[in-house]
Amino acid sequence: HKILRLVLGDQLNSNHSWFQEKNDATTYVLMEVRSETDYVQHHIQKIAGIFAAMRNFASELTAKNHHVLYIKINDENNLHSFEKNIKQLIELYQFSYFEYQLPDEYRVDQHVQELCKTISIPSKACDTEHFFSERNELATFFNGKKTYIMENFYRMMRKKHHVLMEGDKPLTGKWNYDQDNRKKLPKNHVPVQPYIFNNDVSEIVTEIKKAGITFIGEIDEKKLLWPINRDQALQLLHFFISECLGYFGDYQDAMVPNLWSMYHSRLSFALNVKLISPLEVITAAVEAWNANPEKISYNQLEGFVRQILGWREFMRGVYWAKMPEFAHLNYFKYSNKLPHWFWTGKTKMNCVRDAIEQSLHYAYAHHIQRLMITGNFLLLAETDPDEVDQWYLGIYIDAFEWVELTNTRGMSQFADGGIVGTKPYVSSSSYIHKMSSYCSTCFYKKEVKTGEKACPFNSLYWNFYNRNENLLRTNPRIAMMYKVWDKMKSEEKTALLSQAAYYLKKVNEL
Ligand code: FAD
Ligand code: DLZ
Ligand code: SF4
């Protein structure tokens, strides 16, 4: 028996049972392929980060005496797809058995299943041993329901995995501390500097350029700041636990110009490529709270646990329940192009400019920037969800379709008509002003609704409700907004709608 095992670029889990026993009959393969670098235009830090992490992982396996094949992007015999390379290797080395871990993306899952049908040797799929939930667990849990309520799923997960529980009751008696977690950053509060790495990936960047891969974004190739091995991922986790967790919940939704990561963990990349597991992240957070409840209050801890045990698992479950249809949903039937300046950051809107510039610079924006700044704007600008997905899937270091699509098309764009969330996340300037300090230095005036310097969020917001009245008015969570709209004088409505029409027409000049 000669076994070939495929390890994908987001399956770098050294604690996987595969690697616990060394076996001379087993060979692992990792490959850098154009099918993965080119399915969307990625940020250069994302491609370089994944290649670097893959190469480190392969070296670690080799150092532990596993047999490893590694196909680099410019290798002569590289056929640039998982299927073609696997077939070639089976021929070349006469493997008699093929194994793979369940891919997290539908696209890759389909490819690998097809491959297994066309090779002449037996094959087997294994679990990635990473997530708390099974691929289809959410679908089973919500069987028959139209809307999936995250909170219900989260509570089930808390009970099932005994996280923050006392018997079958939530610790402290309360499940959810979201209400406490919406503070603006106080004026004199200076958050800790982000903990970053200085990874030299210049060789990899040279290879990426030589291969002719097109990419977006900036990179300091001698100082890639993202963790690219397990040790670095653990360091980042420990930094988060000791310096950030104590403020995490409080300032989770806060935004400040130039503070690009605030108290966020920036663990999403390490988690998504499986350098660390959600279980060890949650365990470390709970232990830190146990050891030091004065420094880390319970609402911070619960807020963090909910993101990982709740939202992350929930999004994955929705993805597998609703693919492949989900990728084509367009509830509002929007068809506008993405504004050009999404690729440059050159807009006069201060909040949007900052979010885009930092995304190009760091391949990262924190959740509320993605949801309430860029996502909010694109929804109000009636953007084609396909265009929105391409941008989010390419630009973020942590973007993999299973979590990008559900967050973007679902939560942010409401293109699913309310599977992921119960109402669209849109806002006028008042929410942005409440949660940030962008407005005071903006070209646009937050309190102005029409005319030259009117903040675009204001008129576009009312335009959104007006245009989608048929789809939204009956939603009880939105009824209030229609009451306000109904009470507005008709001249005011007309002025708002014509301002919105003007901005939509001139969207590339905002
Ligand atoms: P923290 O704020 O420190 O949160 C801790 C962890 O919780 C994250 O690392 C992540 O694993 C998890 N988490 C938090 N919120 C979510 C969520 N909504 N869905 C899933 N996991 C969550 N996350 C991705 O991992 N990949 C994506 O491609 C992605 N695309 C997004 C697109 C949009 C439009 C929006 C609104 C959100 C998206 N998110 C995505 C979710 C979230 O914004 C990121 O997980 C988070 O910003 C990553 O930064 P962090 O590690 O500092 O998170
Ligand atoms: C995102 C990505 C990129 C850019 N390149 C590779 C690659 O060359 N080889 C690889 O194995 N994986 C890569 N990835 C991550 C894959 O897209 C990821 O494995 C799939 O999302 C799995 O479903
Ligand atoms: Fe953003 Fe409007 Fe505030 Fe400017 S005024 S920062 S565009 S919300």
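**Exercise 1. Determine how the residues of the shell around ligand 1 divide into nonpolar, polar and charged, and which helices supply them.**

Solution. The shell around ligand 1 divides into 13 nonpolar, 10 polar and 5 charged residues, where Ala, Val, Leu, Ile, Met, Phe, Trp, Tyr, Cys and Pro count as nonpolar, Asp, Glu, Lys and Arg as charged, and the others, Gly among them, as polar. This is a predicted model, in which local features need pLDDT of at least 70 and side-chain atom pairs count only at pLDDT 80 or more, whereas totals for chains, interfaces and linings use all residues. Residues are numbered from 1 along each chain as its sequence is written, chains are lettered from A and ligands numbered from 1 in the order in which they are written, and side-chain values use heavy atoms, with hydrogens and water left out.

Next, consider the helices (DSSP runs of H or I with at least four residues, numbered from the N terminus, as are strands, which are runs of E with at least two). At least two shell residues come from each of α9 (268-272), α11 (298-322), α13 (367-380) and α15 (401-412), and α11 gives the most, with 6 residues.

**Exercise 2. Identify the residues that come nearest to ligand 1 and describe its polar contacts and cover.**

Solution. Of the 28 residues around ligand 1, those that come nearest are His264, Ser265, Arg266, Tyr364 and Asn407, a residue being near if one of its heavy atoms lies within 4 Å. For polar contacts (pairs of N or O atoms within 3.5 Å; within protein, one must be able to donate a hydrogen and the other to accept it, and residues adjacent in sequence count only if both atoms are side-chain atoms), begin with histidine 367, which has a polar side-chain atom 2.9 Å from an oxygen atom of ligand 1. Nitrogen atoms of the ligand lie 3.5 Å from a polar side-chain atom of arginine 370 and 2.8 Å from one of asparagine 407. On its own ligand 1 has 810 Å² of accessible area, of which the protein covers 99%; such areas come from the Shrake-Rupley method with a 1.4 Å probe, and for residues only the protein chains shown count as cover.

**Exercise 3. Carry out the analysis for ligand 2, naming its closest residues.**

Solution. Ligand 2 is surrounded by 20 residues, the closest being Gly9, Met31, Val33, Glu36 and Glu105. A nitrogen atom of the ligand lies 2.7 Å from a backbone N or O atom of methionine 31. Side-chain polar atoms approach oxygen atoms of ligand 2 at 2.6 Å from glutamate 36 and at 2.9 Å from glutamate 105. The protein buries 100% of the 490 Å² that ligand 2 exposes when taken alone.

**Exercise 4. Is threonine 27 buried or exposed, and is lysine 333 buried or exposed?**

Solution. Buried means under 20% relative accessible area, exposed over 50%, and partly exposed in between (1.4 Å probe, protein chains only). Threonine 27, in strand β2 (residues 26-31), has a relative accessible area of 13% and is therefore buried. Lysine 333, in the loop between α11 and α12 (350-362), has 68% and is therefore exposed.
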